[in-house]
Amino acid sequence: MSSSAHVRTTPASPPSSPPPSSPDSPDSPSSPSSSADLRRVATASFIGTAIEFYDYYIYGTAAALVLNDAFFPELSRTAGTLATLSTFAVGFAARPLGAAVFGHFGDRVGRKAVLVVSLLMMGLSTGLIGLLPGYDTLGVAAPILLVLLRIVQGLGLGGEWGGAALLAVEHAPKGKRGLYAAAPQMGSPVGYFAATLTFLAMSTLLGDAAFDSWGWRIPFLISFVLVAVGLVIRLKISETPAFAKVTEQRETAKAPLLEAFRVHPKEMLLGAGMITVVYVMFYTAATYCMTYTTGDLGIPKNDMLLLTLVAVTVLGLSTYFVARWSDRVGRRRLIIGGAAFGVVWGLVLFPLLDTGNYLLIAVALSGALLCMGIIYGPAGAYMPELFGTRMRYSGAGFSYNLGGVLGGAVAPLIVTALSENYSATVGGWFMSGMALLSLACVLALPETGDRDLDAI
């Protein structure tokens with residue numbers, strides 16, 4: 001008979017353990033949060049991340065399609081493409097700094113507050129890009145202001161992913177962390193799907209002339225509305241149980257990022273290397289491949305946007321189901337499989353694109369995003385599980401965004417340069433090399449699915 005039952009039969013005896021509670025009770029030992037709270041957290045982490053990634057991806061799509069002419073009209077096509085991709089890279093360069101700043105306050109003050117600030121920074125800077133006059137109006141000041149807004153975007157997104165992932169992981173029951181971490185991870189494909197669909201709608205309804213002149217701004221302006229929605233949802237969530245426990249015990253770290261490097265140096269660097277292939281596959285497929293197919297291969301813009309929607313659907317499905325599967329078979333094994341797949345797919349991506357066959361182009365893009373989804377799904381739980389609660393926001397966020405500099409900022413520029421100077425196939429070889437680097441990094445990391453987050 002349990003001690004709680006003994007209390008009921010002999011009221012005079014002091015209870016030796018807390019009274020039983022339902023599985024949905026916030027105080028239940030088997031569930032740190034109620035079912036309603038978990039749903040609210042999952043919704044908040046998903047919607048907030050979807051909005052953040054929508055903001056980021058509309059810039060990537062615009063960079064591939066129109067920003068060259070709007071902000072760098074005096075450059076040649078190749079130089080303009082490199083300049084536009086460089087503004088894209090600037091946002092990535094700012095992300096580790098954003099992760100350091102937001103991670104510091106996230107580990108010191110709490111996850112919820114900094115997520116509200118990151119959402120505002122990201123959404124408002126995106127909306128302002130939609131209002132920014134082009135080169136014809138402001139001259140050289142236009143690309144300078146564009147770069148500054150990209151830096152603010154990067155700072156905001158640098159603080160977003162770590163907090164959203166921790167929000168889900170630290171609320172989730174131990175055996176379901178992969179499932180709940182799928183919520184913020186799904187924000188990426190949904191945000192990208194929404195961004196692509198919005199651009200497709202604007203391009204179809206307005207025609208090329210109007211779209212290139214002013215229609216491309218509408219997806220950016222929509223961000224003002226989305227950030228208001230996301231803000232309302234984010235303000236309703238509660239702080240995570242793991243961080244609340246650290247706060248109650250007065251154990252918050254004074255310099256969490258430095259502590260993360262001191263306690264988990266291996267996880268910081270290898271985690272960044274592991275996630276690099278995700279950025280390489282995604283931003284090469286989503287940004288450079290859009291430029292390459294519409295420019296070099298002459299495929300109509302709307303056709304490529306439709307083919308991209310197919311690939312993003314593959315990304316969404318693989319992200320969700322592999323994240324859920326990681327609770328059963330472990331995170332590391334699946335990530336190893338995804339990285340190995342990336343080594344192969346980098347070799348075939350551009351040969352498939354070069355056929356000009358729409359079916360094979362869809363296969364090429366879908367394969368690249370399938371590789372991303374296989375790794376990205378489990379990574380939502382895997383990277384936070386590598387770090388202790390005191391420095392988890394800083395460690396996971398900084399490592400994740402450091403990988404973004406290598407894979408998201410540098411890779412598209414290198415692939416572009418290799419393709420222009422040699423051939424697109426050589427750019428694909430570079431992608432395979434980066435996938436091999438990620439594979440080596442994850443092989444040197446441990447499995448984390450069975451870890452107790454409160455104990456590390």
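Predicted model: local features only at pLDDT ≥ 70, side-chain atom pairs only at ≥ 80, totals over all residues.
The protein chain contains 17 helices and zero strands. Of its 456 residues, 58% count as buried. The accessible surface of the protein chain is about 17,000 Å². Carbon and sulfur atoms account for 68% of that surface. Contacts that reach across the sequence were also counted. Among contacts between residues at least 6 apart in sequence, 84% join residues at least 24 apart.

Helix packing was examined pair by pair. Helix α7 spans residues 141-171, and helix α8 spans residues 177-215. The two pack at an angle of about 145 degrees, with their axes 8 Å apart. The crossing of α7 past α8 is right-handed. On the α7 side, the contact involves W161, A164, A165, A168 and V169. These meet R177, Y180, A181, P184 and Q185 of α8. By class, the contact of α7 with α8 comprises eight nonpolar residues, one polar residue and one charged residue.

Helix α13 covers residues 301-329, and helix α14 covers residues 331-354. Their axes come within 7 Å and cross at roughly 130 degrees. The angle therefore makes α13 oblique to α14. From α13, the contact draws on V322, W325, S326, D327 and V329. From α14, the contact draws on R331, R333 and L334. Four nonpolar, one polar and three charged residues make up the contact of α13 with α14.

Helix α15 (residues 358-385) and helix α16 (residues 392-421) form another pair, with axes that come within 9 Å. The crossing angle is roughly 140 degrees. α15 is therefore oblique to α16. Y376, M383 and P384 of α15 contribute to the contact. Their counterparts in α16 are R392, A396, S399 and Y400. The contact of α15 with α16 divides into five nonpolar residues, one polar and one charged.

Individual buried positions were then considered. S188 belongs to helix α8. S188 counts as buried because its relative accessibility is 0%, against a cut-off of under 20%. Beyond its neighbours within four places in sequence, S188 is in contact with F53, Y57, M372 and Y376. Y376 also takes part in the contact of α15 with α16.

V277 sits in helix α12, which runs over residues 265-296. V277 has a relative accessible area of 0% and is therefore buried. With residues up to four places away in sequence set aside, V277 touches C371, I375, M434, A435 and S438. V277 and L437 are 160 residues apart in sequence. In space, their C-alpha to C-alpha separation is 8.1 Å.

F243 is located in helix α10 (residues 241-248). Its relative accessibility is 3%, so F243 counts as buried. Leaving out neighbours within four places in sequence, F243 contacts G106, D107, R108, V109, G110 and R111, among others. The list for F243 also includes E170, T252 and T389. F243 and L167 are 76 residues apart in sequence, and their C-alpha atoms are 9.8 Å apart in space.

Key: Residues numbered from 1 in each chain as written. Heavy atoms only, no water. Axes fitted to C-alpha atoms, helices over the stretch in contact; angles between N-to-C directions. Helix = DSSP H or I, 4+ residues; strand = E, 2+ residues; numbered from the N terminus. Parallel < 35°, antiparallel > 145°, perpendicular 65-115°, else oblique. Contact = heavy atoms within 4.5 Å. Nonpolar A, V, L, I, M, F, W, Y, C, P; charged D, E, K, R; others polar. Buried < 20%, exposed > 50% of the residue type's maximum accessible area, 1.4 Å probe, protein only. Areas by Shrake-Rupley, 256 points an atom, 1.4 Å probe, with all protein chains shown as cover. Left-handed = near helix turned anticlockwise from the far one by under 90°.
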